[in-house]
Amino acid sequence: MINLDTTNKNQSPIMQPLQYFQDEARRPDVINDAEFKSIPFITTNDFDSIDNANGSSSRAFLFLDADENLQIATPELFCKKLKCQEHDKIKVISIFGNTGDGKSHTMNQVFFDGDPVFRTSTEQSSCTIGVYAAMQREQGVLCLDTEGLLGTTAKSNKRMRMLLKILAISDIVVYRTRSERLHSDMYEFLGTASKAFCLHFTQALQAMGNGSTLGPAVIIFHETHYTKPLESSVEESAEDKLRNSFARLNYETNAFSSLRYVGIQTDAKKATNFQKITDALRLEIENTAVRSPRQPAVVFKAMKLLNQKFAGEIIEKAINPFPEQYFTCGAHCESCSRRCQRSMGHVSDGEPHFNTQPCNYQHQFENKLYLCKACYNNGKEIVVSIRAQSQTDTAWSGLAKYVWKGDVIECPYCGEIYRARQYWYGNKSPESSVVHVQVVHVWKGGNSGLRGNAHSAQMVLDSVNSLSEAFTNISGPWAKAISDLLADKVAPSYWRPNQEIILCHACKRNFEKTGMPKHHCRGCGEGFCHTCSQHKLPVPARGWLQPVRVCNDCHQQLQRKSDATPGSKPTNDEGDILVRKYGETIYNTISSVAAVAIDYPKEMIKDSARPSYWVPDAESPSCFICKSVFGSAEELELGQHASKQSTTKANRSDSRSGGGASGGGASGGGASGNGSSIAGDCRRHHCRRCGQAVCSDCSKRRMPVPDRGWLTDVRVCDSCACVPHASSNCSRSISSAISDAINGADAEDTTDLQCATSERRRSSNSQSSNCDYRNGNCNASDDAKAKTE
């Protein structure tokens, strides 16, 4: 390059270099007129930092990312991002819906005249990840575009929580759906949002100073192509139809301040008309009756508060309902709530419930299984149980050993391995010495082996009662004849002998047929039943100076004249009744001592040994099947007598008021019918299957009840005797039933059903008018029976 000297200013103009060459000499060899810029890598989250090529003045910015992290640090930066002042008032409008339903496009069309403020995409991947925000300054609206539901993500639970928090800070919520019919996911999302707002968000927002307890106004924007949207009628509006649908699906919308439906039908070849949703949103924005505009800082602080309070990791476990819900058994363990792992219908195939996971012990279920430790160490699992008597003991010897040595544990291979009171002191618990404990699941209707341990004491009492009843039945007539003979020996001379008394002297009831005891009137000496000789008065003419039993006729006679001598037979002397007085004194004293020393402990033993599923005696005054009132013959007679007197009084009052005598005659006939049905005592028994209290006539069947732990023949009522066992051999499996149905086989035998029907029909036709004289309650424990069934 030519070196031109430009420092000599004294050169002549001709020798000075030209300006053109001077500029060319200073120009570098490599020329780059454009400013150097690095090429950015564009991602979805960086979309907010790229200027619009068409010159758009605003872009949406990322407010919350997919991990629920706020992208704005302070309220000042939030206002700067929105390009608004801190004292400005805004309303928050958010949009929700499934991915691909056009949420971003809807916000652009409604609020920004179609400008692509929120990014839209024609790709399969979602264009909105997280929550984006943009400000519509003319209307004073903060627009929030949310991530779509049903989009592919590994954090669906976290996304749901993020969307619910955005809904909680919103003033207006738009649910955008583009489907021919409303789907269940819309009802599920809005119902869940309402519940979350009431239970969690309201309290958190009120703690911040937000006094409003109502949630946002919800607008459902529904667009269809080929079906008609919901339409309002005179009887029912579209919003009422929506509320009915929410209620039918067990969802509530009481957290929302209002619920509105905007439905449009768009031709598939035409663009969507957003005029209806625009008008609906304008009305909600102008409505400040419930939700008034807030400052941007208040909105930001509310979002930050909810984001800090409801944060943390959520277990993102994929739920596949197919194996659990469709074909697996629905039984759950009552102790640990684990589900049975077998297929449906396995109980009918003879397979018990099963789960491989360990169970938790609960005292209320006593779900511990005892295994003989010696056999367990040898590789055998032999189940043993605590019983009141060993299997080889008789009823009386087993009872004696139980009183002396306590409970017993027997092993089929090792014999007797434990006694509760084997030694005077130092007895160890079975769990620490002779048994291996295994915690088992508690399935409803199962675990009969566990229940059997609780009934061992009752089994001993049943054996003793069976022997005593058999002895009583054999010796009863002879004992009664001897007692009548001894009573006649000490009776006064004017008393009629017991062998001559066959009927009641007053009501003519047969003592042998009714089973009622005989009583002598101290006035006339005749034999009466208890009903006809309830009164007590002194009879000084017969030597009875204290109140004694007298019949009704003698009672009236003695009331008129206290020193009268009732009856036709005279009294010889005072010594004639002295032996009877001493006998009654001794008998009454022994009876009182026996009631305290024998009957009371006996009732305590019965109550402690009684299974928990039995209906208590206080709740079962009458037989559950035939409604016969329990009690002795005298008690039943007294109850009927009281009922008859009350009926007579009612008839008299009706006749005085002109109510008609026909009703009284009907009542009297019913009373007499009941009176003729008494034939001895009506004792209370409990069915070992359902636990209800029944009489002897309604519980004559004996059969095992393995479901309740009774492996031998025990008492069951007629209703339960006609119900087949779930584990009986005659019950068919599910697979065989399906095969028979396909092959056109006949239905199962209906003998059991007919038996149950006949028993219910018999019970409905039996006595139903018996009255409980003790508490005036004629009904059995229907609630307890219904619960048992």
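Buried means under 20% relative accessible area, exposed over 50%, and partly exposed in between. The legends below apply these classes to a predicted model.

**View 1. An exposed tryptophan in a nonpolar surface patch.** W404 has a relative accessible area of 59%, so this residue counts as exposed. W404 is found in helix α11, which spans residues 395–405. Together, W404, W424 and Y425 make a nonpolar surface patch of about 580 Å².

**View 2. The crossing of helices α5 and α8.** Two packed helices are described by the angle between their axes and the distance between the axes. Here, helix α5 covers residues 184–208 and helix α8 covers residues 296–309. Their axes come within 10 Å and cross at roughly 130°. The crossing of α5 past α8 is right-handed.

View 3. Side chains of opposite charge can pair when their charged atoms come close. R291 forms a salt bridge with D171, and the closest N and O atoms are 3.2 Å apart. The pair links distant parts of the chain, 120 residues apart. R291 sits in the loop between α7 (275–286) and α8. D171 sits in the loop between α4 (156–169) and β5 (172–178). R291 counts as buried because its relative accessibility is 9%. D171 is buried too, with a relative accessible area of 2%.

**View 4. A partly exposed salt bridge between E351 and R342.** The closest N and O atoms of E351 and R342 are 3.6 Å apart, and the two residues form a salt bridge. E351 has 39% relative accessibility and so counts as partly exposed. R342, at 26% relative accessibility, also counts as partly exposed.

**View 5. A salt bridge between two loops, E526 to R496.** E526 forms a salt bridge with R496, with the closest N and O atoms 2.7 Å apart. E526 lies in the loop between β14 (519–520) and β15 (527–528). R496 lies in the loop between α14 (456–489) and α15 (511–514). The pair therefore ties together parts that are 30 residues apart in sequence. E526 is buried, with a relative accessible area of 16%. R496 counts as partly exposed at 29% relative accessibility.

Methods:
Residues are numbered from 1 along each chain as its sequence is written. This is a predicted model: local features need pLDDT of at least 70, side-chain atom pairs count only at pLDDT 80 or more; totals for chains, interfaces and linings use all residues. Side-chain values use heavy atoms; hydrogens and water are left out. Patches are made of residues with over 30% relative accessible area and no salt bridge: like charges are joined within 9 Å, nonpolar side chains (Val, Leu, Ile, Met, Phe, Trp, Tyr) within 5 Å. Accessible areas come from the Shrake-Rupley method with a 1.4 Å probe; for residues, only the protein chains shown count as cover. A salt bridge is a side-chain nitrogen of Lys or Arg within 4 Å of a carboxyl oxygen of Asp or Glu. Helices (H or I, at least four residues) and strands (E, at least two) are DSSP runs, numbered from the N terminus. Buried means under 20% relative accessible area, exposed over 50%, partly exposed in between (1.4 Å probe, protein chains only). Axes are lines fitted to C-alpha atoms, for helices over the stretch in contact, and angles run from 0 to 180 degrees between N-to-C directions. A crossing is left-handed if the near helix is turned anticlockwise from the far one by less than a right angle, and right-handed if clockwise.
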